Amino acid sequence: MRAWVLNEANGPESFTLQEVPTPEPGPGEVRIRLEVSALNHLDLWVSRGMPAPHEFPHIAGADGTGVIDAIGAEVTTVAVGDTMTINPSMSCGQCQVCLAGSTPFCRSYSILGEHSNGTLAEFAVVPARNVVARPSGITTVEAGSYGLAYGTAMRMLRRTGLESGDVLLVVGIGGGVSAAAQLIGQAMGANVFVTSRSVDKIARAIEMGAAGGFDSGGEFARDLKRALGRGADVVIENVGPATWNQSIRSLEAGGRLAICGSTSGPKVEISVPYLFFKQLEIIGSTMFDHAEFDRVTRLIGSGAVPVVVDSVYEFEDLPDAIARLDSGDQRGKVAIRHG
Ligand SMILES: [Zn+2]
């Protein structure tokens, strides 16, 4: 099959289109002939060796949708010809935490395209438990684009206990996870505000239903409280030190902050008295379990949550798609159409 492989991890220019053996599904696995995949910043990080693939050649790509064209032994839940979307959150499926449903806590936890070969190829092999029926009522491009970002946002919001009527502040709108957090938060009935350094990105978020937006580089805790007369019940963060103090100060007493990334650096300071007097909760979050993926798939399939796609590139034009993602200018997912 044809695949965009990494034979080294020296950055995005390391992606090379070449022929590789078509993978065969083992017991409990299915092979998907991909119709659409989508990029995530994870793919850029992997191409830069952060983290380095376990072995070369490596196929990146976490998101995708397509048709099952082969199944391994013991697969009873799906059949050849089924159209499916891939859940890229992989675990052993057999340990106690997996059986209890908490797959991100599995000791063998991995992400499709990071630790194992992913979707930037004609075919991908995944465990049968890692595919869900493609939602009807959305396009193939949308179905192939939502996986990692929307699943990650879903888990963050669930873990904060967000309820209808809550004030949700999404810090650093523009990335895939933060955009998804805005849209899922709105579908859950929250009153959603955003921050960004970009006036355009704030305007776009308001077009998509946000109640307002503030400059990430300013005192957005004060701005939010002035605009609303109160702070946020929930803050979604992925920026880290550059916005941390403002994010914490944006919270009402009893508020929850969930963080899934730290693009501005690894360390922050916390005022411990402020933390306990205000009875705040700080929640680290990464990826998602099967129930969270199913829930976000249902929200998308029902039309309650739109999948925002920035652009669609042909498979052969992957380097252009990577450049689009790396530019930071995209407004939504960058998708790849597989012939
Ligand atoms: Zn496990």
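Let me start with two helices: the axes of α4 (residues 147-160) and α5 (residues 176-187) come within 8 Å of each other and cross at roughly 55°. An axis here is a line fitted to C-alpha atoms, for helices over the stretch in contact, and angles run from 0 to 180 degrees between N-to-C directions. Helices are DSSP runs of H or I with at least four residues, strands are runs of E with at least two, and both are numbered from the N terminus. That angle makes α4 oblique to α5, because under 35 degrees counts as roughly parallel, over 145 as roughly antiparallel, 65 to 115 as roughly perpendicular, and the rest as oblique. The crossing of α4 and α5 is right-handed, meaning that the near helix is turned clockwise from the far one by less than a right angle.

Before going on: this is a predicted model, in which local features need pLDDT of at least 70, side-chain atom pairs count only at pLDDT 80 or more, and totals for chains, interfaces and linings use all residues. Residues are numbered from 1 along each chain as its sequence is written.

Which residues of α4 and α5 meet? From α4 they include Ala149, Tyr150 and Leu157, and from α5 they include Val177, Ala180 and Ile184. Contact means C-beta atoms, placed from the backbone, within 7 Å. By class, this contact of α4 with α5 has 10 nonpolar, 3 polar and no charged residues. Nonpolar covers Ala, Val, Leu, Ile, Met, Phe, Trp, Tyr, Cys and Pro; charged is Asp, Glu, Lys and Arg; the others, Gly among them, are polar.

Next, the sheet. It is open, has 3 strands in the order β2-β1-β4, and its pairing is antiparallel. Two strands pair if DSSP finds at least two bridges between them. At the edges are β2 (15-19) and β4 (58-59), each pairing on one side only. Strand β1 (residues 2-6) pairs with β2 over 5 bridges, and Arg2 stands opposite Glu19 in β2.

Now the backbone. The loop between α1 (41-47) and β4 holds Pro51, and the peptide bond from Met50 to Pro51 is cis, with omega near 0°. Pro57 is also found in the loop between α1 and β4; the bond from Phe56 to Pro57 is cis, with omega near -5°. Gln279, which is not a glycine, has a positive phi of about 55°.

Last, the domains. An automatic or database assignment sets the bounds, giving domain 1 (2-146 + 307-337) and domain 2 (152-284). Their centres, taken over C-alpha atoms, are separated by 29 Å.

Technical notes
Two residues are in contact if their C-beta atoms, placed from the backbone, lie within 7 Å.
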